[in-house]
Number of protein chains: 4
Amino acid sequence: MGEKMAFRARNPEQTRADILAAARVEFARLGLAGARVDTIADASGANKRMIYHYFGGKEQLFEAVIEEAYIGIRAGESELGLDEMAPTDALHALVVATWQYYLDNPEFITLVNSANLHQARHIAGNKQLRKLQKSYVERVAGILQRGEAQRKFRKGIDPVQLCITIAAIGFYYLTNRHTGGVLFGFNFMSRDALAKRLQFNLDTVMRLVLV
Amino acid sequence: MGEKMAFRARNPEQTRADILAAARVEFARLGLAGARVDTIADASGANKRMIYHYFGGKEQLFEAVIEEAYIGIRAGESELGLDEMAPTDALHALVVATWQYYLDNPEFITLVNSANLHQARHIAGNKQLRKLQKSYVERVAGILQRGEAQRKFRKGIDPVQLCITIAAIGFYYLTNRHTGGVLFGFNFMSRDALAKRLQFNLDTVMRLVLV
Amino acid sequence: MGEKMAFRARNPEQTRADILAAARVEFARLGLAGARVDTIADASGANKRMIYHYFGGKEQLFEAVIEEAYIGIRAGESELGLDEMAPTDALHALVVATWQYYLDNPEFITLVNSANLHQARHIAGNKQLRKLQKSYVERVAGILQRGEAQRKFRKGIDPVQLCITIAAIGFYYLTNRHTGGVLFGFNFMSRDALAKRLQFNLDTVMRLVLV
Amino acid sequence: MGEKMAFRARNPEQTRADILAAARVEFARLGLAGARVDTIADASGANKRMIYHYFGGKEQLFEAVIEEAYIGIRAGESELGLDEMAPTDALHALVVATWQYYLDNPEFITLVNSANLHQARHIAGNKQLRKLQKSYVERVAGILQRGEAQRKFRKGIDPVQLCITIAAIGFYYLTNRHTGGVLFGFNFMSRDALAKRLQFNLDTVMRLVLV
DNA sequence: AATGAATGAGAATTCATTCAT
DNA sequence: CATGAATGAATTCTCATTCAT
């Protein structure tokens, strides 16, 4: 009686990170409207009050999750060293890396879908993400220019459209894996199916750019 | 004016259809969890009770909406007369028609995303959709075979992967138009942007299949 | 199209009786609040509108059911010919008949409980039932008098209290058979258990009245 | 006045107990189906959300109420000190105490009826109640044995049947007091009527067991 | 007499958020 | 910084009853 319950480690950084991690999972699984603040609090090991303390509310927490997700994917790409590779190799590496990022971060695709369902208002005006994206497009543009200069790639390929297509052919396959499984009647996530898709996508991109 | 419209037309078919139409819009806009039964009832001109009477509940209504959406897109394709066209024309027409369907039915893409968020459990076991999809794939396979026989198309192109890619390059662009707009910094839905994207996609597909 | 649905037999008496029978079962199973007008309509083979037509509403239907139930049990007793039997035999027959009525009409006990939950307001002022009850008590009083005159029964036994006790020892056992089963740990409705209880009750009543 | 009682005492135990008490009254008055969660919330001074927090739902709250009711009656009996009394006195005390418990806890009888209406599923598998009941029966069996040993009581009286009968003759009178009042035409709850009934019941039980 | 579609009021349940400690 | 009890506003779902045919 009167016994004092042990508080969790008074570690603000950790608490914040734990909440964010739990929120990422929950929002990815159920979307913004379907996610439960209670569930996030429980899963994070913190409590509901902390969510409001650190993030202000459910929507702001969602914002933080989305931002973090986009920072994550762009960070990965900048570490590939694409600028040092031959153009063809760089493009190949980019397609593979994008695909692999989706596979390693299964929450990313549903988070992006949720962000779009809400018309991207949770990242509207986010300069940082705009900047990261810009440097990404420039990197791809650089690859195309080098390829073109070497007479390997066609002229006039729009780097933005290429970026979108590289994302599309992987992202769509994975985000629609459930309905795809039902409609097409095979397991989209089997090792074979995944390998086949990656190969097909590499083909698609290469045929698109090579002269 | 002042006239009391106590009861709506005693027309079960119409009532059901009105609810379904209102539900399609609401679910597309806010997802399964975000959609409000009340809003659907009001928008449909019917009342909440009718939703439960005709569909059983929110989830079953969602099921009906998703099923209807898939039936709609497949129905459009079967009316294109692809089998009567030259292979190249047929493929071109298919890419254009798919793209146009997405533009004409903006709800379709978010509904599909919602269905996938919930792991496709709302269409699991739906034989009809499986069948429709099958005949769609077969139609595409037919185009590929004819193209191959005419030495226009490469050999060994997987029709399933092609179907997925044709959908992906249009669908992804449109579903991600909001975050895309923020990140890339241009309006994905401007006339020019749309025309450019369609052209790029046609290019992508043609380069993929042509010898 | 324009095909006319077959109406059920235009037989008011039958329709009313069917509704009443279905209502008895439903009210007995779930009580007044738990019973569903829809269920009664479906089970009766009629439709909801008929319930309102014939009875006015759910509460009035309940009234009709309760009244019918009480008329039923009293009707049974008056047919036993108790007045023609020796007092001991008459009492014995009455205990057995009461018990048997409960067993044959399992709905009776829960209906009575429901009527009491609602403080008997559904039979308040019902002269007919009061009259039937009166003649029942008089019949029992007659038995006691004859028994007393023959020096078989004690003097001064209150017929009302006896009536209540005869009902109580059977009714309570049966109405509480479910909780009884859980708490005492045996099946109150097995052939053996029922026989044992009846014997015990006969004993109880006989010892109560015999000199 | 004008003072805002925004939050009630932060006392989980009390809150839970308040809800339980309010629920007991409401369920007793209207049954499981007739009871209103809103009413319970208001009457308890808590709010609806707390009911779901502490009990999970209406049905589970009902379970808790029923369990508490049964624990209550058994607790009372174990405090009577029956084992220290002469057999006849013990039996007398038990009949009186049972009767008095019903009178002091008017909710008990309708709760038991409700539990039985729902086929005792709310206490099915409740080991604690089974155990309490068992020790109760054993206590009664002990009285019978002592009485028998002292040649005061008949041999071979089934303690379970006796328990049931002791409950029945009081319980039935009280649960049926409303219909009884209408049918028999007197007030079952007048001081006189109650006294008379208790005396009759004592008589019934004593004649049943005495040699 | 009979039907079943339609309704509004209400009931159970859920949820993001705030308050006292 | 941390906790978890408490809350009000929604939200889904239900139900007795009425209306048009």
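Before that, a word on the model, which is a predicted one: local features need pLDDT of at least 70, side-chain atom pairs count only at pLDDT 80 or more, and totals for chains, interfaces and linings use all residues. Residues are numbered from 1 along each chain as its sequence is written, while chains are lettered from A and ligands numbered from 1 in the order in which they are written.

Let me start with helix H5 of chain C, residues 87–104, where helices are DSSP runs of H or I with at least four residues, numbered from the N terminus. H5(C) has 18 residues and spans 25 Å from its first C-alpha to its last, close to the expected 26 Å, the expected span being 1.5 Å times one less than the number of residues.

Which residues of H5(C) are buried? They are Pro87(C), Ala90(C), Leu91(C), Leu94(C), Val95(C), Thr98(C) and Trp99(C), and here a residue is buried if 20 or more other C-beta atoms, placed from the backbone, lie within 10 Å of its own, exposed if 12 or fewer, and partly exposed in between. Seen down the axis of H5(C), these buried residues fall within an arc of 165°, taken from the directions from the helix axis to the C-beta atoms, so they line one face of the helix. The face turned away from that buried side carries the exposed residues Asp89(C) and Asp104(C). Among what covers the buried residues of H5(C) are helices H7 (127–149), H8 (159–175) and H10 (191–209) of chain C.

Turning to the interface, 43 residues of chain C are in contact with 43 residues of chain D, contact meaning that the C-beta atoms of two residues, placed from the backbone, lie within 7 Å. On the side of chain C that touches chain D, the largest share, 11 residues, comes from H8(C).

For chains A and B, chain A can be laid on chain B with an RMSD of 0.1 Å by a turn of 180° and a shift of 0.0 Å along the axis, the superposition being by least squares on C-alpha atoms of residues with pLDDT of at least 70 in both. That is the relation of a two-fold axis.

Finally, Ile164(A) is found in helix H8 of chain A, residues 159–175. Ile164(A) is buried, with 23 other C-beta atoms within 10 Å, and, leaving aside neighbours within four places in sequence, Ile164(A) is in contact with Tyr172(B) and Tyr173(B).

Definitions and conventions. Helices (H or I, at least four residues) and strands (E, at least two) are DSSP runs, numbered from the N terminus.
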